[in-house]
Amino acid sequence: MMPSPSETISESVPETINASASGTWKLGDLTVNRLGFGSMRLPQNGTAFAADGTPRDRGRALRVLRRAVELGVNHIDTAAFYFSPLRSANELINSALAPYADDLVITTKVGPGRDPSGAWVWATPEQLRGQVEENLRQLGREHLDVVNLRLSTNQASASVADHFGALAELRDAGLIRHLGISNVSPDQLTEARTIAPVVCVQNAYGIDSPADDHAFLRSCGEQGIAFVPFFAIAGAGREEGTNGAQSEAVLTVARTHGATPAQVRLAWTLHQGPHVLAIPGTGDPDHLAENVAAGALRLTAEDLALLAR
């Protein structure tokens with residue numbers, strides 16, 4: 001559990017703090033530190049998925065992954081479609097971390113896919129098994145800890161029954177341990193839960209999110225479901241990353257705590273509830289340490305009120 005928002009630290013957050021400072025939550029029967037790591041940006045420098053991106057140095061990417069685990073990160077988010085012409089996030093994770101520690105939880109996503117040219121395709125229910133098996137091969141696993149069904153933006157009102165039902169069958173077959181759902185509405189979550197247990201919801205979310213998103217986050221907590229935001233730092237920049245512009249409120253809180261704006265955004269995210277996880281991604285070892293350290297940043301009630309404006 002996170003300490004209450006009224007607790008604070010006046011000094012700067014140490015860069016080498018362990019991810020366990022963020023508290024823990026359970027994804028089904030799997031306990032994870034609430035500050036995790038997202039691998040989307042590992043395959044290349046610059047904008048994720050951009051055709052003109054440059055491959056990230058392989059050795060540097062492997063060091064980042066190993067350092068994340070050294071810093072207590074035991075929840076890594078990935079997907080088979082996280083790749084560039086020369087790098088695959090899943091392959092990097094396998095090379096850096098296998099044989100995997102018993103407490104390491106790897107969460108992946110299916111639904112979207114990319115052909116060799118990088119063009120996006122979306123799986124039918126019948127094709128989801130192939131995507132699951134692709135993740136198994138790339139990660140070198142016999143089963144996947146958590147698999148999220150990721151929906152596209154234009155599926156905001158679509159039924160999830162056929163796709164989620166197909167994943168539930170793969171869970172029953174032992175290929176998947178737990179199921180989650182991503183980029184979804186409250187109604188889609190409700191529908192999915194009639195088919196199989198849902199341990200997490202992974203949606204875009206951050207300080208600037210609209211009121212409906214805050215309400216959905218709270219509803220997940222009331223149902224005991226982890227809420228795992230993506231783009232908590234990037235915000236509207238999404239795959240392109242943050243554009244460097246920050247609100248005066250974020251900058252004020254950052255100055256107060258001797259922290260970076262990104263750390264404030266991550267700390268704010270974790271303060272939204274004990275069921276909220278964070279999966280910031282980076283290919284930079286220094287940024288990695290800063291992100292992990294954000295798990296120890298305690299915002300005051302005054303900080304939270306300022307950011308809420």
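## Stop one: the hidden space

Searching the whole structure turns up one cavity of 30 Å³ or more. A cavity here is a set of points, on a 1 Å grid over the protein atoms alone, where a 1.4 Å probe fits but cannot get out. The largest cavity has a volume of about 40 Å³, a volume being the space filled by probe spheres set on points joined across faces, edges and corners. Select M40, R41, P43, Q44, A48, F49, Y82 and F83 to see its lining, meaning residues with an atom within 4 Å of a point.

Before moving on: this is a predicted model, where local features need pLDDT of at least 70 and side-chain atom pairs count only at pLDDT 80 or more, while totals for chains, interfaces and linings use all residues. Residues are numbered from 1 along each chain as its sequence is written, and side-chain values use heavy atoms, with hydrogens and water left out.

Next, go to the second largest pocket, with a volume of about 250 Å³. A pocket is an open set of points with protein on both sides within 12 Å along at least five of seven lines. Pick N183, V184, S185, N203 and D213, which are the closest to its centre of the 14 lining residues. Now colour α5 (186–193) and α6 (211–222): each supplies at least two residues of this lining. Helices are DSSP runs (H or I, at least four residues) and strands are E runs of at least two, numbered from the N terminus.

## Stop three: charged pairs

There are nine salt bridges in the structure, each a side-chain nitrogen of Lys or Arg within 4 Å of a carboxyl oxygen of Asp or Glu. Select E91 and R58, whose side chains meet in one of 2.8 Å, N to O. E91 sits in helix α2 and R58 in helix α1 (residues 58–70), so this pair ties together parts 33 residues apart in sequence.

Then try R265 and D208, another salt bridge, with the closest N and O atoms 3.7 Å apart. R265 is in helix α8 and D208 in the loop between β10 (200–202) and α6, 57 residues apart. R265 is buried at 8% relative accessible area, whereas D208 is exposed at 61%; buried means under 20%, exposed over 50% and partly exposed in between, with a 1.4 Å probe and protein chains only.
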